[in-house]
Amino acid sequence: MNIAASAQVDTEVWDMEIQPKTGLFDLNLKEVWKYRDLMWLFVRRDFVASFKQTILGPLWHVIQPIMTTIMFLIVFGRIANIPTDGIPSAIFYMSGLTLWNYFSACLSGTSNTFLANSGIFGKVYFPRLVIPISTVLSNLVKLAIQFVLFFAIWTYYQYNGFAITLSWTWLLVPLLTIMMALMGLGIGIIISSLTTKYRDFSILIGFGIQILMYLTPIAYPLSYIDNPKYKMIIQANPLTPIIESLRFALFQTGELDVRGLLYSGVVIVVSLFFGLIIFNRVQKTFMDTV
Amino acid sequence: MSNTVIRIENVSKQYRLGQVGTGSLGHDINRWWHTVRGKEDPYLQIGDVNDRTSKGVSDYVWALKDINFDVKQGDMLGIVGRNGAGKSTLLKILSRTTAPTTGSVKVKGRIASLLEVGTGFHPELSGRENVFLNGAILGMSKSEIRSKFDEIVAFSGVDRYIDTPVKRYSSGMYVRLAFAVAAHLESEILIVDEVLAVGDAEFQKKCLGKMNDVSSKEGRTVLFVSHNMLAMKQLCNIGMMMQNGLLKYEGPMNEVAEKYLVAGITKASEAVWDGANEPGNENISIKKVKAAALGKSSQDPIKTSDQILIEVEFENKQNDIDLDVTWDMFDVEMAHVFHIGTRVDDEKKITSGNYKVSFKIPANLLNNKRYSFNITFGIDQRYVAYRHEGILTIDVEDALQRQGASIHQYPGVIHPAFEWERKKLQNFNVGQPLLQ
């Protein structure tokens, strides 16, 4: 044993150095990849654990969007009488809601990373980024279930005259989903980093998501907005092009807003970039202030 | 030098006391303003030594201050210190749950920490699922866990419950499973903090054995924090003692444990106080304690063959109470030797004033080692009026010991002289009654 050890006298190669601060861009993403098994187990845990001791189990993922869609049908369809671009309103609402729900689940889940996991973070080290990423991934399971529901309902409408037409544009759906995931992740980790010391942001996020939903064309099509001032506000929302493109991808209504999507892409890159830097900085010492 | 696996260099950790609020926001802004102008953090220059009992002047304390230490491969390092000495902060930095304020730690190999076992156990998941989850949290890959799964379950001894949610487990079973996972980690360095507090005696023994294997047979390094000096002395080869965030002493574990146990204990076998510094409170103040061989002064050595007189003089400040005095004696490993007491007056309640209470420890009872005493004053044999820990220390010397001979220490807490009877038996046949 000693022979092997003394062979490397003075070379002193350290595997790891714990320091007060690391470089700004020392993000250690490689390490996150090393913990991919853990990420997968967290995804599994989230899914399995959330339905233990419920009778309906994963069926709850179906009931939730149906209830919201019914609410939308009544409030925006019947009471407010907002048109839906010639698409059956149930299908219209549901397409937007499905992706929106995914975004809001990602955002509220990841923005809670440090507060909700401080117990485990205080005891063991693993790359903290594993948690928000697994949140985004486990919500993907819910998204898939909701998409299945969406197509089931669409199939029902097919017999009422709104045909399902396969098109190349459907290939955009995974891309849009990834964009939503990254947007939720980017903004979420920024907020989670800001809430470790001062909790103000976690209060903000609760109703912030609500407001954001109304600023996103989910219950109405963008074409319905006439007032240019309001239209600008809604178009400034980086989620708008994604939701509009989803409708284009599914129903081929209107045309693809490439410039809008590029705008969303820039917002995603910027928020992820800053998110990762802030998150990385905060994760080292957040235990002292949380 | 070559086989150093952990090098701790000038590590300090500062904490801010009090609450997070607008006050701390002000400090944060000030700190930010200093860094923007390229100046040093103004709050790093202040800060009190971390003594939890005294009220400091500053809002900042140093939980660790300038710690330098090297740990070699295969070492079993025991870290001792009173509550708040900085042991856990140090382990937290090593296990990377928090970063040091200044300084750095360099490490070779993987570190796994058992700061508290069962980290990440999800109550709703079964034991099996939790083994995988917990293993992954501690840094094992799925295939690694799978290959060790049977071993882990066997070690934990909870086979029967392995598919039951862990929320149905008893706390002991929970810890068994959790420790089993952690003990089978393939990390080069293992950090263990007070895990043995739970679990039954059999399991504790198993854990200590496992830790011993990990260190001596597998050549892995273990850092161990515990208040159980006996376990520490058995397991660890080197030790470090922390006090108020400073590294007070380092060396072989036996010496460190000894230093730790006598630190803070009145060394003298006699102490006299007067006026303001009398130990006590509104009920009692102690004027004098003394331990001496009967008929000699407290300066004279106490031999195992001596009767030992233990005396206390104190002032009782209350009228008309039923007061009792209790002595607890401990040996150096903090094994509790006895707990004895008496009422100051068996017949009636006592009045305020000065009293003297003493008792004698018979000759030829104690071992030749150091013992320390706690004194407790009780009221109505129910309430504690005043307690003072470590008020007296005695060193008992072997009466048979010749000058200059090497010190022989008998194992055991005490070493009484019992009466022996010895004779040769005639015509003794095993298994047969002795008939004339």
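**Notes on the structure**

1. In chain A, T240(A), P241(A), I242(A) and S245(A) of helix α12(A) meet G260(A), L261(A), Y263(A) and S264(A) of helix α13(A), where contact requires C-beta atoms, placed from the backbone, within 7 Å. By class, this contact holds 4 nonpolar, 4 polar and no charged residues, with Gly counted among the polar ones.

2. This is a predicted model, in which local features need pLDDT of at least 70 and side-chain atom pairs count only at pLDDT 80 or more, while totals for chains, interfaces and linings use all residues. Residues are numbered from 1 along each chain as its sequence is written, and chains are lettered from A, with ligands numbered from 1, in the order in which they are written.

3. Helix α12 (residues 239-251) of chain A and helix α13 (residues 258-289) of chain A pack at about 135 degrees, with axes 8 Å apart. That makes α12(A) oblique to α13(A), since angles under 35 degrees count as roughly parallel, over 145 as roughly antiparallel, 65 to 115 as roughly perpendicular and the rest as oblique.

4. Strand β5 (residues 102-107) of chain B is joined by 3 bridges to strand β1 (residues 16-18) of chain A, and the two run antiparallel; pairing requires at least two DSSP bridges. Here E17(A) stands opposite K106(B). Within chain B, β5(B) also pairs with strand β1 (residues 4-16) in the antiparallel sense over 5 bridges, and S12(B) stands opposite T102(B).

5. As to confidence, the predictor gives the complex an ipTM of 0.75 and a pTM of 0.72. Chain B averages a pLDDT of 81, on a scale from 0 to 100.

Technical notes: pLDDT = per-residue confidence, 0-100. Axes fitted to C-alpha atoms, helices over the stretch in contact; angles between N-to-C directions. Helix = DSSP H or I, 4+ residues; strand = E, 2+ residues; numbered from the N terminus. Contact = placed C-beta atoms within 7 Å.
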